Amino acid sequence: MTAAGPDLNSRRLERYLTVANASGARPVILINKADLADDPSSLVAEISPVAAGVPVIVISALTGAGLSLLDSFLEPGTTVALIGSSGVGKSTLTNALLKRAVQDTSLVREHDGKGRHKTTVRQLFVLENGALIIDNPGLREVGIGTAGAGIHDTFPEIMELAAECHFADCRHEHEPGCAVREAVGRGALAQARLDNFIHLMKELAFEQEKAEIGLARIERKCWKAVSKEARNIRDFKVR
Ligand SMILES: Nc1nc2c(ncn2[C@@H]2O[C@H](COP(=O)(O)OP(=O)(O)OP(=O)(O)O)[C@@H](O)[C@H]2O)c(=O)[nH]1
Ligand SMILES: [Mg+2]
Ligand SMILES: [Zn+2]
């Protein structure tokens with residue numbers, strides 16, 4: 001979930017999509033605070049290049065505009081989790097869907113879009129029709145962790161282009177015969193999107209390495225314990 005104004009950011013959305021795709025959830029992009037936008041349709045136009053087939057829905061949790069568009073995602077038995085920066089209106093939407101004020105909503109300092117986090121604990125609510133909704137605290141930054149598979153789903157057109165690169169392990173930076181950079185050259189792919197893709201891939205490699213170092217450390221510890229145990233048994237026998 002994002003909102004018209006300073007929160008609306010394609011690069012941040014690519015991060016959210018990476019994490020959501022890797023989680024196995026079906027992402028839906030909500031742009032809230034449509035009432036603050038001069039031209040709500042321009043919001044969709046701005047975001048659609050990164051949506052890659054993910055539905056983009058413009059709403060106003062405050063006025064109720066567009067909320068009926070959410071019905072098809074709120075079927076009985078489904079669970080919906082709201083994620084997004086602090087102040088985009090997750091709790092306001094939760095209240096609107098529940099038709100009562102169960103969650104406190106905050107006043108954001110509008111001049112810089114910053115404010116305090118209002119919701120501090122994750123909470124699950126049951127809607128009238130049996131759908132479940134989880135209101136989460138606002139996210140300050142989204143680390144992608146080891147959500148590698150999510151990157152592929154988030155950048156499908158880059159993955160498709162990459163299959164045509166001369167080198168199978170092309171990083172799309174300086175390699176000759178790079179089909180991805182060629183697409184940027186002819187205007188078929190935004191440079192900023194490629195930059196974020198490369199950035200996320202490097203972050204992923206770093207996180208994976210970190211996870212592997214952690215695993216190696218645990219494994220070493222395990223063997224240490226095993227050999228200590230073996231020594232104990234041997235010493236016991238000797239005595
Ligand atoms: N103009 C406008 N303001 C909205 C809308 N939805 C929410 N707000 C306002 O935005 C502020 C933040 O709303 P919250 O619902 O508390 O935001 P949140 O995403 O739950 O924030 P955290 O709990 O901190 O993550 C409140 O002052 C809301 O009244 C909307 O559609 N339009
Ligand atoms: Mg909240
Ligand atoms: Zn390439």
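Modeller: Keep in mind that this is a predicted model. Let's begin with an open sheet: 3 strands, ordered E4-E6-E5, with mixed pairing.

Colleague: Which strands stand at the edges?

Modeller: E4 (79–82) and E5 do. Each has a single partner strand, so one side of each is left without a neighbour in the sheet. From one strand to the next, the twist averages 20°.

Colleague: In which sense do E4 and E6 pair, parallel or antiparallel?

Modeller: Parallel, over 4 bridges, with E6 covering residues 132–135. As a landmark, Thr 79 stands opposite Leu 132 in E6.

Colleague: And how do E5 and E6 run?

Modeller: Antiparallel, again joined by 4 bridges. Gln 123 has Asp 135 in E6 as its bridge partner. The E5–E6 hairpin has 5 residues between the strands. Gly 130 in that hairpin takes a positive phi near 100°.

Colleague: What lies across those strands?

Modeller: Helix H3 lies across E4, E5 and E6. H3 runs at about 155° to E6.

Colleague: How many residues of H3 are buried?

Modeller: 7 of the 9, so H3 is largely enclosed by the rest of the structure. They are Lys 90, Ser 91, Leu 93, Thr 94, Asn 95, Leu 97 and Leu 98.

Colleague: What do they pack against?

Modeller: Strand E2 (29–32), plus E4, E5 and E6.

Colleague: What follows H3?

Modeller: Lys 99, with a positive phi near 60°. Lys 99 is not a glycine. Most residues other than glycine have a negative phi. Lys 99 sits in the loop between H3 and E5.

Colleague: Is Lys 99 buried or exposed?

Modeller: Exposed, with a relative accessible area of 63%. That is over the 50% cut-off.

Colleague: Are Ser 91 and Thr 119 buried or exposed?

Modeller: Ser 91 is buried at 8% relative accessibility. Thr 119 is buried too, with a relative accessible area of 12%. Water is not among the atoms, so sites may look incomplete.

Colleague: Good to know. Now the zinc ion, ligand 3: which residues coordinate it?

Modeller: Cys 165, Cys 170 and Cys 178 through SG, and His 172 through ND1. Distances are 2.1 to 2.4 Å.

Colleague: What is the geometry of the zinc site?

Modeller: Tetrahedral, with angles of 103 to 118° among the 4 donor atoms.

Colleague: And how are the zinc donor residues spaced in sequence?

Modeller: The spacing is C-x4-C-x1-H-x5-C.

Colleague: Where does His 172 lie?

Modeller: In the loop between helix H5 (156–162) and helix H6 (179–185). His 172 has a positive phi near 65°, and it is a residue other than glycine.

Colleague: Is His 172 buried or exposed? And what about Cys 170, buried or exposed?

Modeller: His 172 counts as buried, at 6% relative accessibility. Cys 170 is buried as well, with a relative accessible area of 10%.

Key:
Residues are numbered from 1 along each chain as its sequence is written. Chains are lettered from A and ligands numbered from 1 in the order in which they are written. This is a predicted model: local features need pLDDT of at least 70, side-chain atom pairs count only at pLDDT 80 or more; totals for chains, interfaces and linings use all residues. Side-chain values use heavy atoms; hydrogens and water are left out. Buried means under 20% relative accessible area, exposed over 50%, partly exposed in between (1.4 Å probe, protein chains only). Donors are N, O and S atoms within 2.8 Å of the metal (3.2 Å for Na, K and Ca); water is not among the atoms, so sites may look incomplete. Four donors count as tetrahedral if all angles lie between 85 and 135 degrees; four count as square planar and six as octahedral if opposite donors are over 155 degrees apart and all others between 65 and 115; anything else is irregular. Two strands pair if DSSP finds at least two bridges between them. Helices (H or I, at least four residues) and strands (E, at least two) are DSSP runs, numbered from the N terminus. Axes are lines fitted to C-alpha atoms, for helices over the stretch in contact, and angles run from 0 to 180 degrees between N-to-C directions. Contact means heavy atoms within 4.5 Å.
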